[in-house]
Amino acid sequence: MKKAGALLISILILIVLFHSVIYVVNNFIAMGMERQLRNCQLPPESKMIESASVAGKVLGGGNGMQWYGILLIRSDMSEEELLQWYKSHMNPAENEEIYVIRQEGPEMFEYGEWRFHSYPDDGPCYQIQLFRNLAVGTESSIWESLLNHDLRGH
């Protein structure tokens, strides 16, 4: 009976450890994407206000992880000009995309709890996103399948 109890406790510890490691790895991926954006030269006459990283299911239906590196910048350039700037000054991975969104308030996304803490009240601001999506069932490796076991992606 003691062996069965010890085995059960060991299995529970392994499950918790597995999910904890996947959680940390997914956060690390998102922080790396944020670092890529921060390391990119800012467009002329632009100022970075804040940066963030987000890992989890933020938009869309279905299951799967999404990772974001995000910059909040103030710039007099248009969305299209900023997008062209970042596309020409960054080298995103094949499965990553860059988006530029005019920022109208402190909320990072339409849904969810993520907010900018330093959102200014004046001037045009833009959210620059480096985005990666991994839908369940589209994984190309065992490693990617493991990353989708993060409960935030469901």
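Start by selecting Leu7, Leu8, Ile11, Leu12 and Ile15: together they make a nonpolar surface patch with about 470 Å² of accessible area. A patch here takes residues with over 30% relative accessible area and no salt bridge, joining nonpolar side chains (Val, Leu, Ile, Met, Phe, Trp, Tyr) within 5 Å and like charges within 9 Å. Areas are Shrake-Rupley values with a 1.4 Å probe, and for residues only the protein chains shown count as cover.

Before you go on: this is a predicted model, where local features need pLDDT of at least 70 and side-chain atom pairs count only at pLDDT 80 or more, while totals for chains, interfaces and linings use all residues. Numbering runs from 1 along each chain as its sequence is written, and side-chain values use heavy atoms, leaving out hydrogens and water.

Now zoom in on leucine 12, which sits in helix α1 (residues 2–39). Helices (H or I, at least four residues) and strands (E, at least two) are DSSP runs, numbered from the N terminus. Leucine 12 counts as partly exposed because its relative accessibility is 48%; buried means under 20%, exposed over 50%, and partly exposed in between (1.4 Å probe, protein chains only).

Next, the core. Pick Leu37, Trp67, Ile73, Tyr86, Met90, Ile98 and Ile128, which touch the most other members of the largest nonpolar core, a set of 24 residues. Such a core joins buried Ala, Val, Leu, Ile, Met, Phe, Trp, Tyr and Cys residues through side-chain atoms within 4.5 Å. Colour by element and you'll find that α1, β2 (64–75), α2 (79–89), β3 (96–102) and β4 each bring at least two residues to this core, with α1 giving the most, five.

Stay on isoleucine 98: leaving aside residues up to four places away in sequence, it touches Leu83, Tyr86, Lys87, Met90, Pro92, Ile128, Gln129 and Leu130 (contact: heavy atoms within 4.5 Å). Then hop to a second, separate core of eleven residues, Met108, Phe109, Phe116 and Cys125 among them.

Last stop, the charges. There are five salt bridges, each a side-chain nitrogen of Lys or Arg within 4 Å of a carboxyl oxygen of Asp or Glu. Select arginine 132 and glutamate 144, which pair at 3.9 Å, N to O. This pair links distant parts of the chain, with arginine 132 in strand β4 (residues 125–135) and glutamate 144 in helix α3 (residues 142–147), twelve residues apart. Both residues, arginine 132 and glutamate 144, are buried.

Finish at arginine 152 and aspartate 150, bridged at 2.6 Å, N to O. Aspartate 150 is buried, at 3% relative accessible area, whereas arginine 152 is partly exposed at 23% relative accessibility.
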